[in-house]
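Hi everyone, thanks for making time this morning. Let me put the sequence and the model up on the screen, and then we can walk through a few spots together.

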Amino acid sequence: MPRPFRFGVNLLDPAPAEEWQAKCRRAEELGYDVIQVPDHLGMVAPFPALVAAAAVTERPRLGTAVLNAGFWNPTLLAREVATTDALTGGRLELGLGTGYVRAEHDTAGLPFGSPRERVDHLQRTIEELERLLGSGELPHSQRVPLMIGGNGERTLRLTAGHADIAAFTGARLAPGSTTGQLLPVGAGELEESVARYLLLAEGRKEPAELNLLIQRVVVTEDRAAAVRPLVERVPGATVEGALGLPILLVGTVDEIVAQVLAQRERYGFSYLTVLEPYMEAFAPVVAELGGH
């Protein structure tokens, strides 16, 4: 039997308290299972935002998607995690990644490092969190569900060995970009990444939940017209190719429901996250498929 669906929304835009809490309540009303926040400069500070979300919601889990490990000292991060989990009533889900935006590190005065150094730091962070959370060294702490995001071989190995949730972006960093510009990967390349992860995770006692970050949701009767503006901005792109991208959900609600079901069948994605601008557009899909 396939794993039941869970749906998350990643809230990106900072807002005053009343506005922030109103959109968190709205996410709960729409049936989202997880309220997530990113970890980028110019967006919300992750842990205070999640504590504020917990204060006005009851059911959704609360997650980081995903923390840039390079921003954090592992031991101090463990304190943040333990406190946030306690203040959210044990609803925290911790997402971690290596970070990929060099410009943010430059702005913060933090070293960016080589890909190897960033994965090394991610590994140290995971190991320190596993050592400290629930060990008694941090008061009122417990292990929290861990989501790891990344497509590289070493990151996939870490995900296979440690993560409760394996997160895939369906995109990769544009060559030479320092600002985090991402290029979508096709269905075949994403399938290869998932297959590699599953091979590495064969020895697990419990399979991880597979998550995909959806970049755009467009409810429309004319699928081709909806993606044509995107295609025109990417040399060599085609309408047919764009409509086949796993990170784009385009069509009528029924067509999007069918896409989501097909992706679970093909890749195993049962946990989908949409970005804040598409929270309302995706809500009818959440209502139809949530928990199924």
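**A walk around the model**

Let's begin on the outside of a helix: Glu18 and Glu29 are exposed residues on the face of α1 that is turned away from its buried side. Before I go on, please keep in mind that this is a predicted model.

So which residues of α1 are buried? They are Trp20, Lys23, Cys24, Ala27 and Glu28. If you look down the axis of α1, these buried residues fall within an arc of 150 degrees, so they line one face of the helix.

Helix α1 runs over residues 17–29, and at 1.5 Å a residue its 13 residues should span 18 Å; the C-alpha atoms at its ends are 18 Å apart, so the two agree. Just after α1 comes Gly31, which takes a positive phi of about 95 degrees.

Is Asn68 buried or exposed? Its relative accessible area is 5%, and buried means under 20%, so Asn68 counts as buried. Setting aside neighbours within four places in sequence, Asn68 is in contact with Asp39, Gly97, Thr98, Gly99 and His105.

Now Glu137, in the loop between α5 and β6 (146–149). With a relative accessible area of 52%, and exposed meaning over 50%, Glu137 is therefore exposed. Leaving out neighbours within four places in sequence, Glu137 has contacts with Arg131 and Leu132. Here is a distance you can check on your own screen: the C-alpha atoms of Glu137 and Gly99 are separated by 28 Å, and these two residues are 38 apart along the chain.

Thr252 has a relative accessible area of 19%, and the limit for buried is under 20%, so Thr252 is put in the buried class. Apart from neighbours within four places in sequence, Thr252 is in contact with Thr220 and Glu221.

By class, the lining of the second largest pocket divides into six nonpolar, five polar and four charged residues.

And how many cavities of 30 Å³ or more are there? The count comes to one. The largest cavity has about 80 Å³ of space. Its lining is made up of Leu94, Leu129, Glu130, Leu133, Arg143, Val144 and Leu146. Five residues of that lining are nonpolar, two are charged and none is polar.

Key. Residues are numbered from 1 along each chain as its sequence is written. This is a predicted model: local features need pLDDT of at least 70, side-chain atom pairs count only at pLDDT 80 or more; totals for chains, interfaces and linings use all residues. Side-chain values use heavy atoms; hydrogens and water are left out. Ala, Val, Leu, Ile, Met, Phe, Trp, Tyr, Cys and Pro count as nonpolar, Asp, Glu, Lys and Arg as charged, and the others, Gly among them, as polar. Helices (H or I, at least four residues) and strands (E, at least two) are DSSP runs, numbered from the N terminus. The expected span of a helix is 1.5 Å times one less than its number of residues. Buried means under 20% relative accessible area, exposed over 50%, partly exposed in between (1.4 Å probe, protein chains only). The arc is that of the directions from the helix axis to the C-beta atoms. Contact means heavy atoms within 4.5 Å. On a 1 Å grid over the protein atoms alone, a cavity is a set of points where a 1.4 Å probe fits but cannot get out, and a pocket is an open set with protein on both sides within 12 Å along at least five of seven lines; lining residues have an atom within 4 Å of a point. Grid points are joined across faces, edges and corners, and a volume is the space filled by probe spheres set on the points.
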